[in-house]
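Hi,

Here is the structure I promised to pass on to you. Have a look at it first, and my notes follow below.

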Amino acid sequence: MALSTQEQLLIETRISNEGPSIVVAYMFWFFLGIFSGHRFYLGRPGTAILQILSYFIVVGFVWLLIDGFLIPGMVRQKQEELRHKMSVRALATAAV
């Protein structure tokens with residue numbers, strides 16, 4: 001059973017409202033990048049802690065700059081995870 005257009009629209013609306021924002025992710029990166037705030041915001045605590053620890057050997061600063069280019073992809077990935085969870089939940093509810 002596939003989701004109806006209305007259910008898909010509802011999911012996309014919820015992703016827009018509840019999902020991560022590229023602007024907010026960049027704000028965290030710019031202002032709290034040294035604390036890996038953007039990675040915590042995007043649900044990546046393991047790599048956030050690893051990044052913080054890597055600052056002690058200077059690699060973390062390079063990683064922080066690279067993250068500036070990776071943020072859009074990380075946001076899309078997080079949105080896709082949310083989209084999948086909501087779709088599965090909607091299909092399970094519709095099947096009952």
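To start with the charged side chains: which side chain does Glu-12 meet in a salt bridge? The partner is Arg-83, with an N to O distance of 2.5 Å. Please keep in mind as you read that this is a predicted model. The pair links distant parts of the chain, since Glu-12 sits in helix H1 (residues 5-18) and Arg-83 in helix H5, 71 residues apart. In total, the structure holds 4 salt bridges.

Next, helix H5 (residues 59-95) and its contact with helix H4 (residues 45-54). The two axes come within 7 Å and cross at roughly 135°. Angles over 145 degrees would count as roughly antiparallel and 65 to 115 as roughly perpendicular, so H4 is oblique to H5. On the H4 side, the contact is made by Thr-47, Leu-50, Gln-51 and Ser-54; H5 brings in Val-59, Gly-60, Trp-63, Leu-64 and Asp-67. Sorted by class, that contact has 4 nonpolar, 4 polar and 1 charged residues.

Finally, the surface. A nonpolar patch of about 950 Å² is made by Val-23, Met-27, Phe-30, Phe-31, Leu-32, Ile-34, Phe-35, Val-58 and Phe-61. Helix H2 (residues 22-32) gives the largest share of this patch, with 5 residues. Another member of the patch, Ile-34, lies in the loop between H2 and helix H3 (37-41).

Happy to talk any of this through.

Best wishes

Definitions and conventions
Residues numbered from 1 in each chain as written. Predicted model: local features only at pLDDT ≥ 70, side-chain atom pairs only at ≥ 80, totals over all residues. Heavy atoms only, no water. Axes fitted to C-alpha atoms, helices over the stretch in contact; angles between N-to-C directions. Helix = DSSP H or I, 4+ residues; strand = E, 2+ residues; numbered from the N terminus. Parallel < 35°, antiparallel > 145°, perpendicular 65-115°, else oblique. Contact = heavy atoms within 4.5 Å. Nonpolar A, V, L, I, M, F, W, Y, C, P; charged D, E, K, R; others polar. Patch = residues over 30% accessible without salt bridge, like charges linked within 9 Å, V, L, I, M, F, W, Y side chains within 5 Å. Areas by Shrake-Rupley, 256 points an atom, 1.4 Å probe, with all protein chains shown as cover.
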